[in-house]
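Okay, thanks for coming, everyone. Let me put the model up and then we'll walk through how its parts pack together.

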Amino acid sequence: MSDATLAVHFAGALVTLQDGGRPGHLRYGVAASGPMDRVAFAAANAALGNIANKTAIEVSLGGLIVECKSASITLAIAGGDFMIEHAGAKTNGWTILTLREGERLSVRVGSAGSWAYIAFAGNVVANEWLGHAATHSTSGFGGGAIQTGQKIVVEHAEIREDREGQIEQPDFIPSGMRMRVVMGPQDRWFRTEAIEAFKNSRYSLTNNYDRMGVRLEGEHLALDAALSIPSEPIVRGSVQVSGEGVPTILLADHHTTGGYPKIATVISADINVLVQKRCGQEVAFDAISSEEAVKIARQFSQDVSDYLDSVSVPRGNLQQRLMQQNLISGVVGSDE
Amino acid sequence: MLMEARYTAVADHALLVTLAEELSDEVHEAIVALDRAITQAMPVGVIEVVPALINLLVSFDPVETDHVQLEKALRRLKIDTQHTSDKAAKRIVQVCYEKPFDFDLDAVANATGLSADAVIKAHLASDYKVLMYGFVPGYAYLGGVDASIQVPRKLAAVRDIPAGCVMIAGTQCLVTTLKMPTGWSIIGRSPTPILLNEPDRPFLFDVGDEVVFERISLDSYNELLEASDNE
């Protein structure tokens, strides 16, 4: 085992280091940060057999090109549908490959999705803040943004041939444009027409989209009274409406309190779907009860855990895979 | 004025407990008392508590509890509202009101009809309490700015205000921790670290703490800053 060094030939804006996030400091103004798409991030680590929440690179639409300068390392790429080019060959995302000394890897915008994760068979050297490498993009605290020209060092780099190949994608994630929300907590500040417009019309994502949140375009949501309510807590998924009636959905690096009223809150399971949409894509909101939301959260937690268990099983090296096949056909043969 | 607590569900993972429609000292003390009671009891499934001005948010793991169970647990809590002030810690924050840190001191003096020195004295004499954090890491909103120096926000925000700025708007005062835009009036600069980055005490203040500003000269500001840089 040795340390792998990756030279960053190109890093787009908002390419950052992220671990599972730092919950527990909202009361001090600190959002949890961590991956925008938590399922894809967890899948990349699980598929390598890593412990959960290990520091990975979050690649934005800006893309990332690295070259391995020393040692070889197996890495997993998951999230969205990005275009991967490795040592001259093109593949799709959701894959595990080994990057050898002198080889280049590029992860670039593909047919869909906004965020992809590169997890490593090794430990990425990263600054920590409050015990976590998760980058809080507004302050730069934590592991920080990846910059063109920098080096990334991965300690204890390993080659894990038995992990190479495609990563099965989750099939329990709802696709499409419908986001489930629980109305409120400040929906009483809105006119009835605004509530109806929010529930019944479509909104599109604007390019005013970063790790803090995404502004939406669509029907304006008129407030019922003059706007001077005291600042109230915000969560990831809060749909906050500005004085002009424009909704913004707050995401991983959100402000922790704010004086704009929140018409609704996107449930945690659907945020992973929402964040993979791009500017111009449409969303619509389905209001559900809080009881229903909890039921969905519990099912989702079970589905994620089953899925991670399934992708974390090594596929075996080529020899083992052939043996396995022989064994299976052998068993089938004896039954005949 | 306190009202009967209102419990509002926030998505699948939080409960907002609202104690009043408007902020007052009484409301703030009730929020601090409730915050302490929840943090001490930590009912099943609770992840964290976020106190704000008229309400507080309790975030929870939906696998372990739900809005109904949590509301029941919170209603059962015994809340000691009598002694919140006695338990408040007192935090000292040093401020240099001299040039080049006194950006808006003259403007505040003009707006309030006071001399710059009278503005400083009023700022030092106010009784501050940490009402809540918000916006970005370490931004603690301190209530209690003396009525004689209360000024509204500027019409437009000024960009790239550095960390350490001591600024006021309305009844509130704030010491910045990051370079950010702001529409508040900047009257001085503080060398006192707020982002402590210690595992047990990551930030200087907790909600409910009392804050006292202490005037320092430009020379001591520079000395203190140098000392903390060398740590």
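**Between the domains, then between the chains**

So, between domain 1 of chain A and domain 2 of chain A the count is 19 residue pairs in polar contact, both at pLDDT 80 or more. Polar contact here is a pair of N or O atoms within 3.5 Å; within protein, one must be able to donate a hydrogen and the other to accept it, and residues adjacent in sequence count only if both atoms are side-chain atoms.

Quick housekeeping: this is a predicted model, where local features need pLDDT of at least 70 and side-chain atom pairs count only at pLDDT 80 or more, while totals for chains, interfaces and linings use all residues. Residues are numbered from 1 along each chain as its sequence is written, chains are lettered from A and ligands numbered from 1 in the order in which they are written, and side-chain values use heavy atoms, with hydrogens and water left out.

Back to chain A. Domain 1 is 2-171 and domain 2 is 178-288, with bounds from an automatic or database domain assignment. Their C-alpha centres sit 29 Å apart. In contact terms, meaning heavy atoms within 4.5 Å, 30 residues of domain 1 meet 15 of domain 2. The buried area there is about 1700 Å², with 48% from carbon and sulfur atoms; that's accessible area (1.4 Å probe) that two parts lose on being put together, summed over both.

The rule finds one salt bridge across that domain interface, a salt bridge being a side-chain nitrogen of Lys or Arg within 4 Å of a carboxyl oxygen of Asp or Glu.

Now, how many residues of chain A are in contact with chain B? It's 38, against 41 on the chain B side. Chains A and B bury about 3400 Å² between them, 65% of it from carbon and sulfur. On chain A, the residues that lose the most area to chain B are A:R27, A:Y28 and A:P233, together 22% of what that side buries.

There are three salt bridges between the chains. A:R188 and B:E21 also pair up through their side chains in a salt bridge, 3.4 Å from N to O. As for polar contacts, 14 residue pairs cross between chain A and chain B, again with both at pLDDT 80 or more.

Last stop, A:F285. Leaving aside neighbours within four places in sequence, A:F285 has contacts that include A:R178, A:F198, A:Y203 and A:V266. Okay, over to you.
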